[in-house]
Amino acid sequence: MHQFQIYRLTELEILGFDASFTNASLFMVLAVVLIVGFLALSMTGRSLVPTRIQSVAELSYEFIANMVRENVGQAGMKYFPFVFSLFVFILVLNLIGMIPYTFTVTSHIIVTFALAALVFVVVTGIGFARHGFGYLRLFVPDGVPVWLMPLIVPIELISYLIRPVSLSVRLFANMMAGHTMLKVFAGFVVSLGVFGIAPLLFTIAFTGLEFVVAILQAFIFTVLTCIYLNDAVNMHH
Amino acid sequence: MLASLAVLAAATAEATEQSGGLPQLYAPDFAPQLIWLAITFGALYFILSRWSLPRVAEVIEERRDRIQRDLDEADRLKGETEKALAAYEQELAAARGRAGSIARETRDKLAAEVDQERARADSQVNAKLEDAEKRIGQMKSKALAQVNEIATETAGAVVEKLIGAEVSAEEARRALEPVPGE
C-alpha cells in the first residue's frame, strides 16, 4: 500500500489546521498547471481554422458543453465551467496516476468524497435557489398512489442523500482497485520467475484497461453530475 | 463494482497487517488533502471559468459567426443574382416587344408606300394607255381616210388600164362613194 501513502513535503499550518504540502498536494497542483497550461498553449493561436492542439481543446470543450446541453438543457450552460473543471480535474488526476512512481490523488476516498460532496452541495443549492421549497417535490414523484407515499418518499430521500457516497466510492474504489491489482500482479511477475511471463502479459493488458477505467470514471462522474444538475434545474423526474 | 470492493477488502486486510491501516483511512492526512483540494480545485475553477473557457468559447463562437456571415453573404449574393437575372429577362422581353412593334411599323409603312407607288404607276399606265388608245383611234381614222384616197387612185389606175380613158379623181371618188339609200 506504499503507493497510496501520503508524504509531507513541507510542514505547514493554517489557522491551526494541518495544511502541509504533501505528495497529493503536489499532484493536484501539477494537474491544475497541466490543464491551464494546455488550454493556454492550445489557444495561443486562436485561429479560425484550428491547429491540432487547438482542436483537442475545442473538442473537449464541445464534448462537455454537449453533455451539459443534452442532460440539463440550455439553462444548465450557466454551470458548464463547474462541470468542465470537474471533468478535466478528475481526468488529469486519473491519467497522471497511470505513470509509474506518481501518486493517484483520486485513489483517496477523502478527495473523491470532498468532490462528490461539493457536487451534492452545489446541486442542492441550485435546486433550492431555483425552486425554493418546491424543490422538495423531487421526493414526491408524480402519479404514485397516496398510500405508497410513506414508502416512496423515504426511498427517494435516501437515494438522494446517498448520491455523494455512491459518487465518491465509485471513483475511489475503481482507482484504488485498479492500482492495487496492478501492484499485486506485478509482484507475481518477480516471485514466479520464468512463469512470471503470464502475470506480466496480464499486467500489460490490464494497464490498457486501467487507462480506459481512468477516462471512463472521469466521464461517469461528470455525467452523473449533469444528471443531478438536471434534477435541480428542471426537476423532471 | 463488486470485484473492486473485494479487492479493496483484501487490500485493506493486507495493509492492516503491514502498517496498521489503509493510508486512505489515516485521519490525520485528511486535513492537508482537503485544504489543498479546495485550493487547487478553487484555482482551477476560477482560472477556467474566468479565462480559459471564455477564450475557447470566443474562438468557437467567432467561427460560428463567421460561417453564418459567409452563408448570409452568399444568400444575399444569390438574391442579387436572381434579381439581376429577372431584370435582364424583363429588359429582354421589352426589347423584343419594341423590336416587334418597330418591325410592324416598318412593314406597314413600306406596304403603304408600295401601295401608293403602285397607285401612281397604275394611274400613269392608265394615262399612257388612254393616250395610246387615243392615238390609235386617230391613226385608225387617218388610215381609213387614206383608204378612200388609195381606193380612188387605184380605181382611176385600173380604169385607165382597162379602157384607156383617163378618169379624174373627182369622178372616181364619186363613183366609189356609196350610193345613198343602199
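Start by selecting chain B, whose elements, read from the N terminus, run α-α-α, and which has three helices and zero strands; here helices are DSSP runs of H or I of at least four residues, strands are runs of E of at least two, and both are numbered from the N terminus. Of the 182 residues of chain B, 14% count as buried, where buried means under 20% relative accessible area, exposed means over 50%, and partly exposed lies in between, with a 1.4 Å probe and protein chains only.

This is a predicted model, in which local features need pLDDT of at least 70 and side-chain atom pairs count only at pLDDT 80 or more, while totals for chains, interfaces and linings use all residues. Residues are numbered from 1 along each chain as its sequence is written, chains are lettered from A and ligands numbered from 1 in the order in which they are written, and side-chain values use heavy atoms, with hydrogens and water left out.

Next, select chain A, which has seven helices and four strands in the pattern β-β-β-β-α-α-α-α-α-α-α along the sequence. Its C-alpha atoms fill a box of roughly 70 × 50 × 45 Å along the principal axes, and 48% of the 237 residues of chain A count as buried. If contact is taken as heavy atoms within 4.5 Å, then, among the contacts in chain A with a separation of 6 or more, 66% come from residues 24 or more positions apart.

Now move to helix H1 of chain A, residues 23-42, where 20 residues at 1.5 Å a residue should span 28 Å, in agreement with end C-alpha atoms that are 28 Å apart; the expected span is 1.5 Å times one less than the number of residues.

On the H3(A) side the contact is made by A:Phe82, A:Leu86, A:Phe89 and A:Ile90, and on the H4(A) side by A:Leu115, A:Leu118, A:Val119 and A:Val122.

In the loop between H3 and H4 of chain A, pick A:Tyr101, whose phi is near 70°, a positive value in a residue other than glycine. At 87% relative accessibility, A:Tyr101 counts as exposed.

Continue to A:Thr180 in helix H6 (residues 163-191) of chain A, which counts as buried at 3% relative accessibility, and whose side chain reaches the backbone oxygen of A:Met176 at 2.6 Å.

Finish in helix H7 (residues 197-234) of chain A at A:Phe219, which counts as partly exposed at 31% relative accessibility. Leaving aside neighbours within four places in sequence, A:Phe219 is in contact with A:Phe63, A:Met67 and A:Phe87; A:Phe219 and A:Ile64 are 155 residues apart in sequence and 9.4 Å apart in space, C-alpha to C-alpha.

Technical notes
Polar contact = N/O pair within 3.5 Å; in protein donor to acceptor, adjacent residues only side chain to side chain.
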